[in-house]
Amino acid sequence: IRIQNPATVSLVCEYCSNIVFWDEAGVKASGRESRLTEGFSRLFRGATGSIKGKRFNVVGRVRYSFGRGFWDEWYLALETGEYAWLTEDNHQLALQKELEQQLVGKDFGSYQIGDELEIEGDVFRVQELGMARCLGLEGELPSGYLPDESYPYVDGSSLNGEKTFGLEFDDSDSGSKARAFVGTWIKAADLEVDEHDYSW
């Protein structure tokens, strides 16, 4: 198995669908399998294309349920050498990057719809609170995801509506530290997926 991203923590084997974790101590099989159906768009693991003229390669995906449906998060390797997440929720797209440091703020239970918070100089408004349950994953990913694990999340947009943000907590008792993601909304026309030859 060839690893594309040196920061990869978990990998789903494309042959047997087993989830594998590794760190400095070595490689460890999770004992779990993950299989996913197709998403809303033409994206898939290994797909290439461009977003607003920037080239990308899809290296992984995580699918989450919020109770009434699901959304996909595609892990992209960009031509700049950076990695980003393309969130795809009912045909709505957002391209986000994770902040290098965890955001220190309120506990998850203290957030309410309409709350405002400042992230890297922009003011964002909370529009959604919930619990996300991992339905499955594939490819290379930067964290140790497992199917059926759940975590609290906070989502919203900047006051001018141009940017999007998300906070992810490890669990409901995780305190005030959260993984923070900030990005922009993407129009469907801004996402171009290359045609791939499946004749082999």
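In strand β14 (residues 177-186), 7 of the 10 residues are buried, so that the strand is mostly covered; here buried means under 20% relative accessible area, exposed over 50%, and partly exposed in between (1.4 Å probe, protein chains only). Strands (E, at least two residues) and helices (H or I, at least four residues) are DSSP runs, numbered from the N terminus. The structure is a predicted model, in which local features need pLDDT of at least 70 and side-chain atom pairs count only at pLDDT 80 or more, while totals for chains, interfaces and linings use all residues. Residues are numbered from 1 along each chain as its sequence is written, and side-chain values use heavy atoms, with hydrogens and water left out.

Two strands are taken to pair if DSSP finds at least two bridges between them. Strand β8 (residues 92-98) runs antiparallel to β14 and is joined to it by 6 bridges; within this pairing, L93 has I186 of β14 as its bridge partner. Strand β13 (residues 163-168) is likewise antiparallel to β14, with 6 bridges, and L167 is partnered with A180.

Positive phi values were found in two loop residues. K52, which is not a glycine, has a phi of about 50 degrees. K52 is located in the loop between β4 (48-51) and β5 (54-65) and is exposed, with a relative accessible area of 54%. For E120, also a residue other than glycine, phi is positive and near 50 degrees. E120 belongs to the loop that links β10 (116-119) and β11 (122-141), and counts as exposed at 64% relative accessibility.
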